[in-house]
Amino acid sequence: MANFAGRVVLITGASAGLGEGTALHFAKKGAKLSLTGRDTTRLEGVAKRCLECEIPDGDILTLTGDLTDAAFRKTTIEKTVAKFGRLVVLVNNAGLVFPGESMGMSETQFDQTMDLNMKAPFLLSQVAVPHLEKTQGNIVNITSLSGNRAFLEDQETVNPLGRLRTPQDVAEAIGYLAFDAASYVTGQIHLVDGGGGCAFK
């Protein structure tokens, strides 16, 4: 079982959903957590639930802001390293999906999606890499197979496991990729879809 005691894990988009599930997973494994989100109230709620996993109060840092802002990206890394002295894992989880068909997406929506889902994790990684090189750490990037609820509901009926994935399902995969056991795994796309990608027609 992976033990992240003493390892510093930065998780973006940690105020809900997969980010929240990942934060709780790493808290249970004893990691020191740096959590970002855009909703202060929800982010602090996640931090409180992480503390209920019996990690010290001093082992959690919360940072509220917009990752499309260069100053916030820089501040996120600087404050994480200033508090904990290092960075071992970066989980780029923050993302945005607009409902509806892609052909109906406005230019503004497209730009917002690309800025947060593509540019922000790349540029945040650039700032983080010098610190990750010192600890031989790693980056795990999270993306959604589809933001369409109907697609996901259809997957429930066709994937071999017959259920939707949970935040814990994804968090377990992240935990594996971020740990020593996956030290020879790099540059891979790791699907957590219950086999839906094989079954979907």
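The model is predicted: local features need pLDDT of at least 70, side-chain atom pairs count only at pLDDT 80 or more, and totals for chains, interfaces and linings use all residues. Residues are numbered from 1 along each chain as its sequence is written, and side-chain values use heavy atoms, with hydrogens and water left out. Helices (H or I, at least four residues) and strands (E, at least two) are DSSP runs, numbered from the N terminus.

**Helix 3**

- Helix 3 takes in residues 70–84, which makes 15 residues.
- At 1.5 Å a residue it should span 21 Å, and its end C-alpha atoms agree with that at 22 Å apart. The expected span is 1.5 Å times one less than the number of residues.
- Its buried residues are Phe-72, Arg-73, Thr-76, Ile-77, Thr-80, Val-81 and Phe-84. Buried means under 20% relative accessible area, exposed over 50%, and partly exposed in between (1.4 Å probe, protein chains only).
- Seen down the axis, the buried residues of helix 3 fall within an arc of 160°, so they line one face. The arc is that of the directions from the helix axis to the C-beta atoms.
- An α-helix has 3.6 residues a turn, so residues three or four places apart point the same way.
- The buried residues of helix 3 pack against strand 1 (8–11), strand 2 (32–37), strand 3 (60–64) and helix 4 (107–135).
- Gly-85 follows helix 3 and has a positive phi, near 85°.

**Nonpolar cores**

- A nonpolar core is a set of buried Ala, Val, Leu, Ile, Met, Phe, Trp, Tyr and Cys residues joined through side-chain atoms within 4.5 Å.
- The largest one has 25 residues; Val-9, Ile-11, Phe-26, Leu-33, Leu-35 and Cys-50 touch the most other members.
- Two or more residues of this core come from each of strand 1, helix 1 (17–28), strand 2, helix 2 (40–51), strand 4 (89–92) and helix 6 (167–177).
- Apart from it lies another core, of 17 residues, including Leu-10, Leu-67, Phe-84 and Leu-124.
- Neighbours within four places in sequence aside, Val-9 is in contact (heavy atoms within 4.5 Å) with Phe-26, Ala-31, Lys-32, Leu-33, Ser-34, Val-89 and Val-91.

**Second largest pocket**

- This pocket holds about 860 Å³ of space.
- Its lining has 33 residues, and Ile-139, Val-140, Asn-141, Leu-177 and Gln-188 lie nearest its centre.
- Strand 5 (138–141) and helix 6 are the elements that give two or more residues to the lining.
- On a 1 Å grid over the protein atoms alone, a pocket is an open set of points where a 1.4 Å probe fits, with protein on both sides within 12 Å along at least five of seven lines; lining residues have an atom within 4 Å of a point.
- Grid points are joined across faces, edges and corners, and the volume is the space filled by probe spheres set on the points.

**Loop residues**

- Ser-15 sits in the loop between strand 1 and helix 1. Ser-15 is buried, at 14% relative accessible area.
- Beyond its neighbours within four places in sequence, Ser-15 contacts Glu-20, Thr-36, Gly-37, Asp-39, Arg-42, Leu-43 and Val-46.
- Glu-54 belongs to the loop between helix 2 and strand 3. Glu-54 is not a glycine, yet its phi is positive, near 70°. Its relative accessible area is 73%, which makes it exposed.
- Pro-56 is also found in the loop between helix 2 and strand 3. Pro-56 is partly exposed, at 48%.
- Gln-136 lies in the loop between helix 4 and strand 5. Gln-136 has a positive phi of about 55° without being a glycine, and counts as exposed at 74% relative accessibility.
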